[in-house]
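Hi there,

I am passing a structure on to you, together with some notes. Please open it first and then read on.

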Amino acid sequence: MKGVPNYLVSFALVVLACSVASAYDPAPLQDFCVGVNTSTEAVFVNGKFCKDPKLVNANDFFFQGLNIPRSTANQVGSNVTLLNVNEILGLNTLGVSLARIDYAPYGLNPPHIHPRATEILTVLKGTLYVGFITSNPNNRLFTKVLNAGDVFVFPIGLIHFQFNVGNTNALAFSGLGSQNPGRIEIASTIFGSNPLINPDVLTKAFQLDKNVVNYLQKKFSTENI
């Protein structure tokens with residue numbers, strides 16, 4: 001452009017490019033949010049409505065009792081205590097949450113994904129075998145044995161797990177990059193969905209005998225089938 005210094009033109013183009021690049025929809029904070037045509041039909045928003053700042057107090061940012069061990073008396077031998085926006089309302093719009101994970105000896109936090117968050121895990125006690133699997137087509141497995149003080153990262157949306165390989169209790173804390181990270185356990189979701197997936201689909205997908213699929217669906221389902 002005549003009369004305009006080249007560096008100003010370049011700067012303007014960079015600013016324009018950045019503004020376009022940053023103009024994207026915010027990441028959803030629930031599994032879906034179907035649009036409505038009238039406000040009277042609206043139930044949920046992407047996140048929670050904001051409290052009047054004048055009414056906010058310290059308790060909105062506070063939780064007590066995360067030091068208390070949780071029961072691991074279940075089939076997998078682990079217990080996840082998640083502090084998300086439902087437990088600490090002050091997390092709304094801040095994009096973080098926290099989890100305490102207790103493991104019995106040889107307890108497992110089963111393979112699962114967080115659809116909305118990367119996770120960073122720190123071991124406080126015990127020895128954990130942890131790992132995650134990359135997406136298709138490579139399906140690479142990354143694993144590590146962690147001891148107290150070790151840290152491991154699970155990228156957003158990838159299948160991951162933790163297994164206590166010791167004969168004593170283990171404890172870890174995780175930070176997650178969403179106020180509502182979500183959790184989809186692979187086995188219980190696929191074989192215990194509501195309603196159940198047609199067994200023929202799972203028989204072909206997993207290359208299993210149909211009787212095995214029926215057994216797994218009975219094991220993971222809350223339905224009487």
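Below are notes on a sheet and a pocket.

This is a predicted model, in which local features need pLDDT of at least 70, side-chain atom pairs count only at pLDDT 80 or more, and totals for chains, interfaces and linings use all residues. Residues are numbered from 1 along each chain as its sequence is written, and side-chain values use heavy atoms, with hydrogens and water left out.

Let's start with the sheet. Strands here are DSSP runs (E, at least two residues; helices are H or I, at least four), numbered from the N terminus. Five strands form an open sheet in the order 1-2-9-4-7, with antiparallel pairing; two strands pair if DSSP finds at least two bridges between them. Strand 1 and strand 7 (151-154) each have a single partner strand, so one side of each has no neighbour in the sheet. Strand 7 runs antiparallel to strand 4 (residues 119-125), and 4 bridges join the two. Across this pair, I120 stands opposite V153.

Now the second largest pocket. A pocket is an open set of points on a 1 Å grid over the protein atoms alone, where a 1.4 Å probe fits, with protein on both sides within 12 Å along at least five of seven lines; lining residues have an atom within 4 Å of a point. Here, 16 residues form the lining, and V76, P110, E185, S188 and F220 lie nearest the centre. Strand 1 (78-83), strand 3 (108-113), helix 2 (186-191) and helix 4 (210-220) each give two or more residues to this lining. The largest share, 4 residues, comes from strand 3.

Enjoy exploring!
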